[in-house]
Amino acid sequence: MEYYAPRLRQYARALRKNMTEEERKLWYGFLKSLPVTVKRQQRIGRYIADFYIPSCRLAIELDGSQHYEEAGLEYDQRREEAFAERGIAVARYPNNAVTQNFSGVCEDILRRIPSAKKTETEKNDG
């Protein structure tokens with residue numbers, strides 16, 4: 001079992017209670033109703049992923065403007081490397097993609113979830 005600092009646990013809980021507008025839209029408008037388990041603000045090692053789908057080892061990250069500054073880019077690179085060491089892929093979307101191309105973001109996420117594709121096909125065949 002992996003040890004998590006209590007501070008990180010409290011921070012993840014606070015992030016779940018105070019989601020950004022884009023996180024709320026993606027969660028309530030799409031991720032919450034997927035046929036797979038999706039965890040919000042999931043602790044992974046020393047980091048917290050915005051959303052995590054354990055069945056396909058996929059972290060979903062929504063990026064605000066700070067992620068495109070030098071410090072943010074370096075931090076995200078270290079974080080992605082830490083996730084990759086655990087066999088976790090990362091899907092990144094800028095916040096404006098969620099607001100301006102919500103269906104495109106949702107379709108891209110669905111393409112990355114094998115079991116969701118199967119469920120969607122079964123629904124369409126039924």
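Two strands pair if DSSP finds at least two bridges between them; helices (H or I, at least four residues) and strands (E, at least two) are DSSP runs, numbered from the N terminus. This is a predicted model, in which local features need pLDDT of at least 70, side-chain atom pairs count only at pLDDT 80 or more, and totals for chains, interfaces and linings use all residues. Residues are numbered from 1 along each chain as its sequence is written, and side-chain values use heavy atoms, without hydrogens and water.

Strands β2 (residues 47-53) and β3 (residues 58-63) are antiparallel partners joined over 3 bridges, with Ile 53 opposite Leu 58 in β3. They belong to an open sheet of 4 strands, ordered β1-β2-β3-β4 with mixed pairing. β1 (39-44) and β4 (89-94) each have a single partner strand, so one side of each lacks a neighbour in the sheet.

A search of the whole structure gives 3 aromatic pairs (Phe, Tyr and six-membered Trp rings with centres within 6.5 Å; planes under 30 degrees apart are stacked, over 60 edge-to-face, the rest tilted). Trp 27 and Phe 51 are stacked, at 6.2 Å centre to centre and 10° between the planes. Trp 27 is in helix α2 (residues 21-29) and Phe 51 in strand β2, 24 residues apart. Phe 51 is buried at 0% relative accessible area (buried is under 20%, exposed over 50%, partly exposed in between, with a 1.4 Å probe and protein chains only).

Tyr 47 and Tyr 75 pair edge-to-face, at 5.6 Å and 70°. Tyr 47 lies in β2 and Tyr 75 in helix α3, so the pair ties together parts 28 residues apart in sequence. Tyr 47 is buried at 6%, whereas Tyr 75 is partly exposed at 35%.
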